[in-house]
Amino acid sequence: MSARLRYLLLGALLVPAAVLVKRAGADTASPAGKSPVVVELFSSEGCSSCPSAEEFVRDFAARWPSDAPPLLTLEYHVDYWNYLGWTDPFSHHEYTERQEAYSHAFGDDRIYTPEIVVQGKTAVPSRSASALTAELRRESSGPLAHVTVAVDGSNVGVHVDHAPSNGGAIMDVVLAVTESNLRSEVRAGENRGETLAHAPVVRRLTTLGVLENGAFDVRAHVDLAPSWKRENLRFVAFVQERGSRHIVGAGYR
């Protein structure tokens with residue numbers, strides 16, 4: 001399934017603009033003391049091959065060694081399968097546009113589900129544990145920015161330092177709010193009659209700002225829907241090069 005390529009700069013806001021103020025500090029983002037690595041899964045409840053990919057990502061993350069760099073999984077639900085009769089309740093067109101931006105950066109003007117992207121750099125086979133493991137090991141071995149996240153109610157503080165210069169590339173700081181343990185009973189489309197369990201689903205995706213001199217420090221108010229279960233929410237901040245789409249550091253709370 002393809003869609004007209006609309007290349008956007010990273011991180012369209014899905015909620016009213018965040019209120020940003022300077023912050024004094026942040027809690028440690030990575031309890032293990034290691035820079036996390038980011039795995040993004042583009043999926044849809046209207047796609048018959050997506051449930052097995054989501055199960056693969058959930059199982060892979062559950063088996064990820066505790067002494068390895070933390071693994072952050074972000075599941076984006078695109079909207080281009082909704083025409084089949086089932087409107088994915090987690091889908092947003094902004095996530096389709098994000099996938100299109102990856103397609104443009106990778107030099108392949110097509111989009112598909114399921115698609116797994118590691119650190120914004122490489123798409124890997126959707127159910128190959130060996131390929132995913134190898135890519136994650138390679139990406140976690142290089143220098144990464146130090147990203148810390150602190151959460152106080154609906155206020156999120158993000159601090160970044162020691163970011164690699166990478167030739168002066170523009171780097172955006174992005175905040176994703178994910179919710180785990182989500183399930184749906186699908187009543188139409190390719191997965192009709194199935195009860196689907198998801199990997200952590202991205203509920204909000206907001207660009208907070210741009211790194212200056214390799215550093216960043218803000219506090220943002222994030223709108224959280226009352227229906228979201230707070231105990232299942234995770235706040236993931238990452239630094240992403242605007243042109244190449246490479247993620248060069250991440251943190252979470």
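Colleague: What percentage of the residues in the protein is buried?

Modeller: This is a predicted model, in which local features need pLDDT of at least 70, side-chain atom pairs count only at pLDDT 80 or more, and totals for chains, interfaces and linings use all residues. Residues are numbered from 1 along each chain as its sequence is written, and side-chain values use heavy atoms, with hydrogens and water left out. Buried means under 20% relative accessible area, exposed over 50%, and partly exposed in between (1.4 Å probe, protein chains only). Of the 253 residues in the protein, the buried share is 51%.

Colleague: How many helices and strands are there in the protein?

Modeller: Both are DSSP runs numbered from the N terminus: helices are H or I with at least four residues, strands are E with at least two. Counted in this way, the protein has three helices and 14 strands.

Colleague: Among contacts between residues at least 6 apart in sequence, what percentage joins residues at least 24 apart?

Modeller: A contact means heavy atoms within 4.5 Å. Among the contacts between residues at least 6 apart in sequence, the share that joins residues at least 24 apart is 72%.

Colleague: Which residues of the largest nonpolar core touch the most other members?

Modeller: A nonpolar core is a set of buried Ala, Val, Leu, Ile, Met, Phe, Trp, Tyr and Cys residues joined through side-chain atoms within 4.5 Å. The largest has 24 residues, and the members that touch the most others are Val158 and Val160. At least two residues of this core come from each of β6 (146-152), β7 (155-161), β8 (171-179), β12 (216-221) and β13. Apart from it lies another core of 23 residues, among them Tyr80, Tyr102, Val117 and Tyr252, while the answer for the largest core remains Val158 and Val160.

Colleague: What is the distance between the end C-alpha atoms of helix α2?

Modeller: Helix α2 comprises 14 residues (93-106). The expected span of a helix is 1.5 Å times one less than its number of residues, which for α2 gives 20 Å. The end C-alpha atoms agree with this expectation, being separated by 20 Å.

Colleague: Which strands are among those that cover the buried residues of α2?

Modeller: The buried residues of this helix include Tyr95, Arg98, Tyr102 and Ser103. Their cover includes β2 (37-43), β3 (71-77), β4 (115-118), β11 (201-210), β13 (233-241) and β14 (247-252).

Colleague: Is Val201 buried or exposed?

Modeller: Val201 belongs to strand β11. Beyond its neighbours within four places in sequence, Val201 is in contact with Glu75, His77, Phe90, Val177, Thr178, Glu179 and Leu182. Thr178 is 23 residues away from Val201 in sequence, with 5.1 Å between their C-alpha atoms. Because its relative accessibility is 0%, Val201 counts as buried.

Colleague: Where is the cis peptide bond?

Modeller: Most residues other than glycine have a negative phi, and most peptide bonds are trans. The loop between α2 and β4 holds Pro114. With omega near -5°, the cis bond runs from Thr113 to Pro114.

Colleague: Is Arg245 buried or exposed?

Modeller: Arg245 is in the loop between β13 and β14 and has a positive phi of about 75° although it is not a glycine. Asn181, in the loop between β8 and β9 (183-185), has a positive phi near 65° and counts as exposed at 59% relative accessibility. Arg245 has a relative accessibility of 1% and therefore counts as buried.

Colleague: How many disulfides does the count come to?

Modeller: A disulfide is taken as a pair of cysteine sulfur atoms within 2.5 Å. Cys47 is buried at 2% relative accessibility, and Cys50 is buried at 1%. By the distance rule, the number of disulfides is zero.
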